[in-house]
Amino acid sequence: MRIRPAGLCGDHFHFIVVLVCVVTAIPFAVHAQQSAPPGSSSGVEIVFLGTGYPAPDAARQGPSLAIVANGKAYLVDVGTGVVRQANSASQRGVPALDPAALDIAFLTHLHSDHTLGLPDLILTPWVLRRSKPLELYGPSGTKAMAEHILEAYAEDIRIRITGLEGANTTGYKVTAHDVQPGSIYQDANVSVKAFLVKHGTWKEALGYRFQAGGKSIVISGDTSPADSVIDACNGCDALIHEVYAGSVALSSGGAEWMQYMKAFHTSASELGEIAAKSRTKMLILTHWILLGNAKEDDMVREILEKYSGPIVIARDLDVVAP
Ligand SMILES: [Zn+2]
Ligand SMILES: [Zn+2]
């Protein structure tokens, strides 16, 4: 791994080059550049399509990532911009993310920021001639959401099929599964387990553990501190976790806001403890939120009080090989 001087983390990733911010046990971030597959022996990559949160920041699309294993992409969450971001990743050297090839996704929960891209994922790849129905896995309500989206777009679907567009009659369909915690999916490339996390008043919010190419990758989804994440990781190769740092001033209605953050999300210092207990080999931050005057360095410093392994602050279109 070649260590680069600070100041390069805003760069886009390049083909065959992964640019990540790796923070070591020093009080500031340093940046590393490492080779991605084919240098990676496992052939597994994590592509961050959107690392944002509900705020409409064009540099940070809605939460979505892809686990790419054996040349096949498995999406987790489908926030705003998912298909366009997949197309960008595909053009930059991840062919598995060609939009017409996107045919399987896992939802952690049904908050709008994690699902606003679902109509896009159902319809756009179909317009691009995908003929295979979308396989969709998620908590209770996933099936109903897919049905309602198809109902909302019924006229669009009818016109595309019967009109001059000549769309196929299968690729807009969704095979949706409301899953229970446990093993939920397996094929030749990956096996996937779902587990419950704690996301405020949501009855059901899930995290996922992917096993692929000899690597274990755990995704927290949105959660306040949850032992289930620690148990699911248990020495995993990569733990991808949400996080917030800082606080909102009490003078601007901050008390209520912070109450919400505590019940629904995980602070940087809480995450430090989770990462240490999970014994993950790499902690990747996504859906990260800086409140008030907090800076990335503050977020990292708080995590490092408890956890001493490598930390990656994920940015849109970063590719990480665990
Ligand atoms: Zn949420
Ligand atoms: Zn969220």
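In this predicted model, the largest nonpolar core consists of 87 residues. Within that core, the residues with the most contacts are Val47, Ala66, Ile67, Leu75 and Ile284. Strand β14, which spans residues 238-245, contributes six residues, the largest share of this core.

Leu75 illustrates how one such core residue is surrounded. Leaving aside residues up to four places away in sequence, Leu75 touches Ser64, Ala66, Leu102, Ile104, Ala105 and Phe106. One of these neighbours, Ala66, is itself among the core residues with the most contacts.

The protein chain as a whole may be described next. The chain has 322 residues, of which 47% are buried. Its secondary structure comprises nine helices and 17 strands.

Two packed helices are described by the angle between their axes and the distance between the axes. The axes of helix α8 and helix α9 come within 7 Å and cross at roughly 40 degrees. Because of this angle, α8 is oblique to α9. The crossing of the two helices, α8 and α9, is right-handed. The table lists the residues that form the contact.

| Helix | Residue range | Residues in the contact |
|---|---|---|
| α8 | residues 268-278 | Ala268, Ser269, Leu271, Gly272 and Ala275 |
| α9 | residues 296-304 | Met299, Glu302, Ile303 and Leu304 |

Classified by type, the contact of α8 with α9 includes six nonpolar residues, two polar residues and one charged residue.

Conventions: Residues numbered from 1 in each chain as written. Chains lettered and ligands numbered in written order. Predicted model: local features only at pLDDT ≥ 70, side-chain atom pairs only at ≥ 80, totals over all residues. Core = buried A, V, L, I, M, F, W, Y, C linked by C-beta atoms within 7 Å. Buried ≥ 20, exposed ≤ 12 C-beta atoms within 10 Å, placed from the backbone. Helix = DSSP H or I, 4+ residues; strand = E, 2+ residues; numbered from the N terminus. Contact = placed C-beta atoms within 7 Å. Axes fitted to C-alpha atoms, helices over the stretch in contact; angles between N-to-C directions. Parallel < 35°, antiparallel > 145°, perpendicular 65-115°, else oblique. Left-handed = near helix turned anticlockwise from the far one by under 90°. Nonpolar A, V, L, I, M, F, W, Y, C, P; charged D, E, K, R; others polar.
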